[in-house]
Amino acid sequence: MTTVATAEEQSVASGRLTGRERLASLAQRRGSIVVLALVVLIASFSFDSFATVGNAQNIAIQSSFLAIVALGMTFVIIAGGIDLSVGSVYALGGVLAAYGIQWGSLVGLLLPLVVCGAIGLLNGVLVAYGRLAPFIVTLATLLGARGLLLAITDEGSTTRLMPRDDWLTKLGQGTFLGLGLPVWITVILFAIGVVVLQRTGFGHSTLAVGGSREAATLMGLPVARNTMLLYLGSGLAAGLAGALAAAYSASGVTIVGEGLELEAIAAVVIGGTLLTGGAGTVGGTLAGVLLLRVIQNVINQIGTLSSHYQSVVSGAFLAVVVAVQAYLSRAYLRGGRR
Amino acid sequence: MTETLTRQNTRIWLRDNGVYAAIVVLVVYNLVFTDNFATVANLNTQLVQVAPILIVALGMALVIGTEGIDLSVGSVMAIAAAILPLYLGYGLLPAIGLALVAGAVCGLANGTLVAVVGIQPIVATLALLVGGRGLALVLADGQLKDIRNDELLNLGSGKALGIPYIVLIAAALAVLVFLLVRYTTFGRQLVAVGGNRSASALAGLPVRRVLMLTYVISGVLAAIAGIVATARLTASDPSAIGNLIELSAITAVVVGGTPLSGGRVRILGTVAGALLMQLITATLIKHNLPDSTAQIVQAAIIVLAVYLQRSRSGGRS
């Protein structure tokens, strides 16, 4: 065999995996998609207003910004890291887009990408070459990026509007085949993400670094460079998502993005990516994002429930999902060891 | 050779005492250059402001000592704050008692997810961070409620010997947690579990119980912080109280020299870390530098603190 076999493939090959264990591993990787399908099915039958074209468009556009952020986060988490700065970087990206558009749409798009990419690069250099803990480094840039945002908006008191006829604003507000352009951008980015993770050397090294950093180093993989690029990617994704969200609302709102990093992490974890690194799927993350947004939508549909229940349900859901994951992976490991 | 040794020693000294040195430097600077710095009123204001962060950071230091993290503290504060006005009708003590019990239950939930189910602390407590805030808002109907209980208001603004009650409470808790870490079996077990969990389990330590108790303590301390903050605010505000306080608390702990990798708890350092961050913000504000600058400076300080800590693990491996 020339390809790298995962532990699971190896045990399948040696015929040690029982039906129950195979089910457990499948539920770990594909569970979020099954749950998403179930929730959508139940909601469609329960609420007339759920399974409408308008509502689907709504959910899609609301999911797209979080999905782009979560895509970058997925790669970082698969490599065993974490990026807490994305919420601030997302907000900064939006403000920079609204700031840069005064010199044209191209500047409006490039300015957030350059600055947010630089913040991601800073994270990456400190984590990969400085060997500092990702949690703390990105916590610091969370504060730093928020500070930068306040500095360029007169301490958050200025909200810049984006002219409606510039193409950057249209990129946020326009539609194609009934779906908003940010949704299509999200779909394209996720398709690229799937290919990068599964079909490129970069993706394979990312998985290897997350599985065991030492082993990846010994294998001669460019661990530090790979890690740095992951944080660069996460910064770029967050900046792009912020710019698109600003274009969608045609203004650079300063108070967005607080807690977005936690939503992104939640989506990634619900999607079946292990926080310990070494395993995960891009498609699962998309399902995780959609699940979070569909749950919010359903609670809005119920109407009589206060909107505060959204976070109660999301939190409870996250706890249940990770508890089930922990149980399944333990059952799976026990089977694999025997 | 001696030169590298000296340099290493300087680094180690900075890592262990840098936070105290920075406080001394800033205090001296402020005494010379800042008007109205060394007044009792200013001192009290600064200490009252930092008290809730410090109380939360004490619990956070314990949790980080076990190689964990508790992101839920802000939401636990909100739950405690939401419970207070609901039960103040039965008297102050029952209301505070219930708020503390709620904090303990939150900690127990975190501890169960971490110690029994085996979920990483960051995700386990993330669930309560998300859900807890919603729960607090549901309890309070999403409303800010004024506190009219005189005893609770007195707790928020009263003083003994010229020192605000809130500061006294925070100081007493800091001493208590310091003694707990330094002189009790639980404290030693906590450090052992954080240093090497599997070795502790093999040595027969009650790993699960230690972890559970650590998260319960963190939950109760967060509830106390919620009560104190509500008393000072003279209103229960579950939507805003404790927002992002987990970040300030983690910062205080890390700047104070407790490594995120566990196995070491520095309570005095944590107190100093919280005071230092407050001092930096206060200094910048007194010199009319905006909030944005304060945040960027804080970010730089955090990176510097972990950079100094890195030298320890670097030297070891």
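These legends walk through several close-up views of a predicted two-chain model. Residues are numbered from 1 along each chain as its sequence is written, and chains are lettered from A and ligands numbered from 1 in the order in which they are written. Because the model is predicted, local features need pLDDT of at least 70 and side-chain atom pairs count only at pLDDT 80 or more, while totals for chains, interfaces and linings use all residues.

**View 1. Chain A and its confidence.** Chain A holds 14 helices and four strands (DSSP runs numbered from the N terminus: H or I of at least four residues for helices, E of at least two for strands). Its mean pLDDT is 83, with 88% of residues at 70 or more; pLDDT is the predictor's confidence in each residue, from 0 to 100. Over residues 1–5 of chain A, pLDDT stays under 50, and the model has two contacts for them beyond four places in sequence (a contact means C-beta atoms, placed from the backbone, within 7 Å). Where pLDDT is low, the predicted coordinates should not be read in detail. Of the contacts in chain A with a separation of 6 or more, 77% join residues 24 or more positions apart.

**View 2. The largest nonpolar core.** This core has 196 residues, and those touching the most other members are Val69(A), Val56(B), Ala57(B), Met77(B), Ala80(B) and Ile302(B). Helix α11 (residues 223–249) of chain A gives the most to the core, with 17 residues. Such a core is a set of buried Ala, Val, Leu, Ile, Met, Phe, Trp, Tyr and Cys residues joined through C-beta atoms within 7 Å. Buried means that 20 or more other C-beta atoms lie within 10 Å of the residue's own, exposed means 12 or fewer, and partly exposed is in between, with C-beta atoms placed from the backbone. Beyond four places in sequence, Val69(A) touches Val86(A), Tyr90(A), Ala237(A), Ala238(A), Ala241(A), Leu260(A) and Ala264(A).

**View 3. Glu263(A) in helix α12.** Glu263(A) is found in α12 (residues 260–270) of chain A. Glu263(A) counts as buried because it has 24 C-beta neighbours inside 10 Å. Leaving out residues up to four places away in sequence, Glu263(A) touches Leu66(A) and Leu292(A). Its C-alpha is 13 Å from that of Ile82(A), a residue 181 positions away along the chain.

**View 4. Where chain B meets chain A.** Here 37 residues of chain B are in contact with 40 residues of chain A. On the chain B side, α4, α5 (121–139), α11 (245–255) and α13 (291–316) each give two or more residues. The largest share, 14 residues, comes from α5(B). By type, the chain B side divides into 24 nonpolar, 10 polar and three charged residues (Ala, Val, Leu, Ile, Met, Phe, Trp, Tyr, Cys and Pro count as nonpolar, Asp, Glu, Lys and Arg as charged, and the others, Gly among them, as polar).

**View 5. The kink in α4(B).** Helix α4 (residues 92–117) of chain B has 26 residues and reaches 36 Å from first C-alpha to last, close to the 38 Å expected at 1.5 Å a residue (1.5 Å times one less than the number of residues). A kink of about 25° is centred on Gly111(B), taken as the angle between axes fitted to the seven residues ending there and the seven starting there. Gly118(B), with a positive phi near 85°, follows the helix.

**View 6. Positive phi in two loops.** Arg131(A) has a positive phi of about 55° although it is not a glycine, and its place is between α5 (105–128) and α6 (134–152) of chain A. Thr234(B), with a positive phi near 60°, lies in the loop between α10 (207–233) and β4 (235–236) of chain B.
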